[in-house]
Amino acid sequence: GRSQRKPTPEQMATMTFISFRRRGRLQLLFLLLSISSTILAIIWFGLTLFLVRNVHSMLPYRHSNVMRDVAKTSVRLDAAVDKNVEMNKPTIAYAVSITGCDDKDRLFTAAHGAAVLAHSIRKVSAENRGGLGYPHKMIAFIHPDAARCSEDDLTELGYEVMIRDTPVAVSDIKGKYLRENIASTGCCGERELVKLYAYTLTEYPIVVHLDLDVLILKPIDEMFDSMLYGPESPSRQMVQVQFGQPMPRIIDAYFARDYMGVYWGGRKPVGVHGGFFVVRPSKAAFQELVDVVRQGDYTPESGWARTGHGRCHGGETIQGLLPYYYDILHPGTAVELNRCIYNVVADNPRDREGNCIAGVDPTSKSCEDCREASMDQIKVAHFTYCQKPWLCRNLDGPVNFTSDNQTDRSAIRLCIEMQREWFLMRKDLDKSFPTFHESAINDHQRDKQMKKGMFKPDQFQGYCREFGKKGYIPFDSSVLNK
């Protein structure tokens, strides 16, 4: 055969160069493929982690069972990422204020309201829910004039007592009208301003201030989550906001407005309910509020600083001061809560002419009526319109709440159900502290004229002997911690 020619040295060099170049291209291609795969894996992992953490916040309010299961799964996975999330939640402060002494009513307010309120808070806090939710601390601001009738009782009931005088002396108020009239306004005059000390509790991230005639029926953790963890909190979609208003990114306060005050002659802008509000403590905010009062730029015709805020019952103090502060001085930092969920008082949403006072459009036929609320949806009940439970009022008797007899029946129905819940909480308190009810039973057994607690037993659960506060079966608060 033909002999094969050997390549010349120049040809050998050329072939070697081509071989190396092809091999380099393959290696470069393999390197690029490896880098691309790594980038895709990182993107996929990040997307998966994002969906796991946020799928429950992306779900619509009303979703299918399948989507609800996905949300539950995402919550479990999210918890697996940080197993200590519940254990590390901060303590929430719950504060009450006592402004004066009325010896005749002392037993019914400082002792009974405070005891049942504190027990309702314990029931929804982490200490009673296996570590879920937020731990709590009970605090009582007591005006010096009220110390003699409430300090010992509230200490026995587990409150940390703080004696606090009115943060602004009446004589220091510059505005003539406010200086001369603040002492006679609202329920408690200038002493109502003791509630402002809630802003000074900066060792706690959140303070809930309540009146003694309030009952917490369900956890309100969604409010705390939204304040602490901002827009990323999946709990934000659970906060029920009045009129569906958008929530600010940073929330410094929650409150419910007192629309019933308009029914009784108040004027818009509507004041807040001073018996339930939630704030982020801030000494700067406290000082600013005190300075506003000290300046005293208020008249009943024009409200605070001629803005119209505060032309309502108690408008010279908390009920007008807070909406002025958050609507005018610091807009976009507070949330108005749905009053049919939080701070429910069973009020009439319309004025005497039938206009909707609890709505954006006064002429709207759609006007949310809290008197039609179900106990299943209520988280915070406030016994103002419905009367204090310990007064043993026969609400299904001849009670005229408004001029509309038909809607009166709705209010009475809800008030009876709310009072039943208060007495069920009192009963649970008795079970939790067996000695708590002994004095009540012994006291009643000495009463030979009436059967034990048989007045409206379904409503009052055996704690009322007859109509009126004299019929209420009391307890001795000093046995609580024994």
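Reader: Leaving aside its neighbours within four places in sequence, which residues is Phe 224 in contact with?

Author: This is a predicted model, and the reply should be read with that in mind. Phe 224 is one of the buried residues of helix H6, and the buried residues of this helix pack against strands S1 (92-98), S4 (207-210), S6 and S7. Once its neighbours within four places in sequence are left aside, the residues in contact with Phe 224 are Ile 92, Tyr 94, Tyr 134, Ile 206 and Val 208.

Reader: How many of the nine residues of helix H6 are buried, and what takes a positive phi just after the helix?

Author: The buried residues of H6 are Asp 221, Glu 222, Met 223, Phe 224, Asp 225, Ser 226 and Met 227. With seven of the nine residues of the helix (residues 221-229) buried, H6 is therefore largely enclosed by the rest of the structure. The residue just after H6 that takes a positive phi, of about 70 degrees, is Gly 230.

Reader: Which element gives the largest share of the largest nonpolar core?

Author: The largest nonpolar core has 43 residues, and those with the most contacts inside it are Tyr 159, Leu 210, Met 223, Phe 224, Tyr 254 and Phe 276. Among the elements that give two or more residues to this core are S1, helix H3 (106-124), strand S2 (136-142), helix H4 (147-156), H6 and S7. The largest share, six residues, comes from H3.

Reader: How many residues are in the second, separate core?

Author: This second core is separate, and it includes Val 194, Ala 198, Leu 322 and Tyr 325. The number of residues in it is 37.

Reader: Are the rings of Phe 423 and Tyr 472 stacked or tilted, and how many residues apart are they?

Author: A search of the whole structure finds 16 aromatic pairs. In the pair of Phe 423 and Tyr 472, the ring centres are 6.3 Å apart and the planes are at 55 degrees, so the pair is tilted. Phe 423 lies in helix H10 (residues 405-432) and Tyr 472 in the segment after helix H12 (457-460), so that the pair links distant parts of the chain, 49 residues apart.

Reader: Are the rings of Phe 455 and Phe 460 stacked or tilted?

Author: Phe 455 counts as buried at 18% relative accessibility, and Phe 460 is buried with a relative accessible area of 0%. The centres of the two rings are 5.7 Å apart and their planes are at 15 degrees, so the pair of Phe 455 and Phe 460 is stacked.

Note on methods. Residues numbered from 1 in each chain as written. Predicted model: local features only at pLDDT ≥ 70, side-chain atom pairs only at ≥ 80, totals over all residues. Heavy atoms only, no water. Buried < 20%, exposed > 50% of the residue type's maximum accessible area, 1.4 Å probe, protein only. Helix = DSSP H or I, 4+ residues; strand = E, 2+ residues; numbered from the N terminus. Contact = heavy atoms within 4.5 Å. Phe/Tyr/Trp six-rings, centres within 6.5 Å; stacked < 30°, edge-to-face > 60°. Core = buried A, V, L, I, M, F, W, Y, C linked by side-chain atoms within 4.5 Å.
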